[in-house]
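User: Could you walk me through this one, starting with how you decide that two residues touch?
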Amino acid sequence: MHLLIPAAGMGRRMGSDRNKLLLLVRSQPIISWTLKAAEGASLISWIGIIASPTDWQDLQTIIQKQKLTKPVELIEGGSTRQESVYNGLLALPSAAEQVLIHDGARCLATPDLFDACALSIRHHSGLIAAIPVKDTIKVVDENGIIQTTPDRRRLYAAQTPQGFDVKLLKQCHAEGVRQGWEVTDDAALFEKCGYSVAIVQGEETNLKVTTPQDLAIAEFILKERE
Ligand code: CTP
Ligand code: MG
């Protein structure tokens, strides 16, 4: 199974002056933890890291230090996550019929979760890891007045990995460019094109490191795992 790791963000909400994926958690760059999990997943055979060329040298150093046994390629990122993933899809080896996409910033996902998604994609053309939401969610209007309260039993928080049939996902990205759709995950493009997306049980600890608080939580969880 081929894996694409979007890693070309700026980390604006982290408030750092460089890509947040190069920040250290338990003395290792965030992206190293993500790569370690991917390396540990038995069904992943190829890794493409989608990143800005300004970070390529740092990433090469990290990859070499980690002595990964799986082939790793660097792919140029775009100005949005959506663009970055599309670049990644276009750079996949032609043998790749299905792909997993996993945010570099989700450095706490376990190898088991990658493998569960890689197994499940054999039965679905689109899937995402997700977990039931714990909070009651409110839909509000532009004045902040609540419109509705959706039934919580049907609400899931989307995570990555997300897995897709490569041909279909490429087609959805191309349609997204034509229609000017702006989405925050690949499943949204798949849904908009009318394809179904299944859910694989995600992990409570699989948070996306976004703010400085998340860094502290990731630090804590990784320490607990030692
Ligand atoms: N990403 C990407 N290309 C972009 C923007 C984001 O590959 N142009 C990647 C990030 O590196 C991250 C993942 O998509 O691994 C999820 O994005 P997010 O958590 O939003 O990271 P950033 O965009 O870096 O953070 P922010 O939105 O706070 O600037
Ligand atoms: Mg972002």
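Analyst: Two residues are in contact if their C-beta atoms, placed from the backbone, lie within 7 Å. This is a predicted model, in which local features need pLDDT of at least 70 and side-chain atom pairs count only at pLDDT 80 or more, while totals for chains, interfaces and linings use all residues. Residues are numbered from 1 along each chain as its sequence is written, and chains are lettered from A and ligands numbered from 1 in the order in which they are written.

User: Which residues of H1 meet H2?
Analyst: From H1, Ile31, Ser32 and Leu35 are in contact with Leu59, Ile62 and Gln66 of H2; helices here are DSSP runs of H or I with at least four residues, and strands are runs of E with at least two, numbered from the N terminus.

User: And at what angle do the axes of H1 and H2 cross?
Analyst: The axes of H1 (residues 30-40) and H2 (residues 56-66), which are lines fitted to C-alpha atoms over the stretch in contact, cross at roughly 45° and come within 11 Å. The two helices are therefore oblique to each other, given that angles under 35 degrees count as roughly parallel, over 145 as roughly antiparallel, 65 to 115 as roughly perpendicular and the rest as oblique.

User: Switching topic, how many helices and strands are in the chain?
Analyst: The chain has seven helices and 11 strands, and its C-alpha atoms fill a box of roughly 50 × 40 × 30 Å along the principal axes.

User: What share of the contacts joins residues 24 or more positions apart?
Analyst: Such pairs account for 74% of the contacts in the chain with a separation of 6 or more.

Conventions:
Axes fitted to C-alpha atoms, helices over the stretch in contact; angles between N-to-C directions.
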